[in-house]
Amino acid sequence: MGSIHCRSIFLSDVHLGTRQSRADYLLDFLESTECESLYLVGDIFDLWSMKRSVYWSADHSAVIQSILDKAQAGTQVIYIPGNHDEALRAFVGTVFQGVSVQRQAEHITADGRRFLVSHGDEFDTLVKHNRLAKALGDGAYQVLLRINQAYNAWRMRMGHPYWSLSGHVKTRVGKAREYIRRFEEAAAGRASERAYDGYICGHIHKAGIERIDGVLYCNDGDWVEHCTALTEDFQGNIRLLHWSNHSREEALHPAPALTLTPTPLS
């Protein structure tokens, strides 16, 4: 049984099938939460990388099983394939073991707001980059991910919580910052054009909640660098949850004077 009860959870960019996937953290998160609706917002599998080589651990299998168990137990599970698992878009409109595959979705919060939900890669052509890795350079980005993995292995041995070195560096590269901003504005603009109150996505591995031109832009981040998810409570508040060692302990065993999650930004 989960210890954190949510109305909805949104997560993406797990990249199962690669060494960079923090499937261990995600499995812990899934086993610690219960929700009415679970949105898998793309790139759950990294079929691109798996064409070259496959890394698959017991944690990767356990993540899939945990999701299927939730679906069988009554959780509404919606899978929106992204660009790294775009081959699964061939199954849009089908339901597999309780998991509904959709190209995009509309989510209505408990307080009645309408959110457009999609992976976000549809904006790549608008912002003139194929993906964020190109803003950094594909080779440099992969090196950062490998360094990030080794660095956090050392932090864990030293008793320190997880921290994204690659994410820290990425936000300080001018082209990457420019790409992120243009992506956020394009996403918010699309939601506004279609009269939505907000937009929920992943894709760029940059979690955040921000109001842009009257639209609540929400990015659930990733489970490669940052280990983040969006949660909706039963009042309709959307929060960003970081699932590091430290934040996990705070979430599961909060001090009496503290709230379970950050102050809602919605």
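Arg114 sits in strand β7, which covers residues 114-117. In this predicted model, Arg114 is partly exposed, because its relative accessible area is 27%, in between the limits of 20% for buried and 50% for exposed. Around that residue is a protein chain with eight helices and 12 strands. Of the chain's 266 residues, 53% count as buried.

**Around Arg114 and Ile108**

- Setting aside residues up to four places away in sequence, Arg114 touches Glu106, His107 and Ile108, and also Arg194, Ala195, Tyr196, Asp197 and Gly198.
- Take Ala195 from that list: Arg114 and Ala195 are 81 residues apart in sequence, yet their C-alpha atoms are 8.5 Å apart in space.
- Ile108, another residue that Arg114 touches, has its place in strand β6 (residues 105-108).
- Ile108 is partly exposed, with a relative accessible area of 42%.
- Not counting residues up to four places away in sequence, Ile108 touches Arg7, Arg113 and Arg114.
- Between the C-alpha atoms of Ile108 and Tyr196 there are 9.9 Å, although 88 residues separate the two along the chain.

**Two buried spots**

- Ser8 belongs to strand β1, and with a relative accessible area of 0% it is buried.
- What does Ser8 touch, not counting residues up to four places away in sequence? The list is Cys35, Ser37, His107, Leu230, Thr231 and Glu232.
- Ser8 and Asp233 are 225 residues apart along the chain, but their C-alpha atoms are separated by 7.0 Å.
- Asp46 is found in a loop, the one between β2 and α2 (47-52).
- Is Asp46 buried or exposed? Asp46 counts as buried because its relative accessibility is 5%, and the cut-off for buried is under 20%.
- Leave out the neighbours within four places in sequence, and Asp46 is in contact with His15, Leu16, Thr18 and His84.
- The C-alpha atoms of Asp46 and His84 are separated by 5.0 Å, with the two residues 38 apart along the chain.

**How α1 and α3 pack**

- Helix α1 (residues 23-31) packs with helix α3 (residues 58-72) at an angle of about 25°, and their axes are 9 Å apart.
- That angle makes α1 roughly parallel to α3, because angles under 35 degrees count that way.
- The crossing of these two helices, α1 and α3, is left-handed.
- On the α1 side, the contact is made by Ala23, Asp24, Leu26, Leu27 and Leu30.
- On the α3 side, the residues are Asp59, His60, Ala62, Val63, Ser66, Ile67 and Lys70.
- Sorted by type, the residues of the contact of α1 with α3 come out as seven nonpolar, two polar and three charged.

**The largest nonpolar core**

- The largest nonpolar core has 29 residues.
- Which residues have the most contacts inside this core? They are Leu11, Phe29 and Trp223.
- Two or more residues of the core come from each of β1 (4-11), α1, β2 (33-40), α3 and β3 (76-79).
- Helix α1 gives the most to this core, with six residues.

- Gln97 isn't a glycine, but its phi is positive, near 50°.
- Look for Gln97 in the loop between β4 (95-96) and β5 (99-101).
- Gln97 is partly exposed, at 42% relative accessible area.
- Asp213 has a positive phi too, of about 50°, and is not a glycine.
- This residue, Asp213, is in the loop between β9 (208-212) and β10 (215-219).
- Asp213 is exposed because its relative accessible area is 75%, and the cut-off for exposed is over 50%.

Definitions and conventions:
Residues numbered from 1 in each chain as written. Predicted model: local features only at pLDDT ≥ 70, side-chain atom pairs only at ≥ 80, totals over all residues. Heavy atoms only, no water. Axes fitted to C-alpha atoms, helices over the stretch in contact; angles between N-to-C directions. Helix = DSSP H or I, 4+ residues; strand = E, 2+ residues; numbered from the N terminus. Parallel < 35°, antiparallel > 145°, perpendicular 65-115°, else oblique. Left-handed = near helix turned anticlockwise from the far one by under 90°. Contact = heavy atoms within 4.5 Å. Nonpolar A, V, L, I, M, F, W, Y, C, P; charged D, E, K, R; others polar. Core = buried A, V, L, I, M, F, W, Y, C linked by side-chain atoms within 4.5 Å. Buried < 20%, exposed > 50% of the residue type's maximum accessible area, 1.4 Å probe, protein only.
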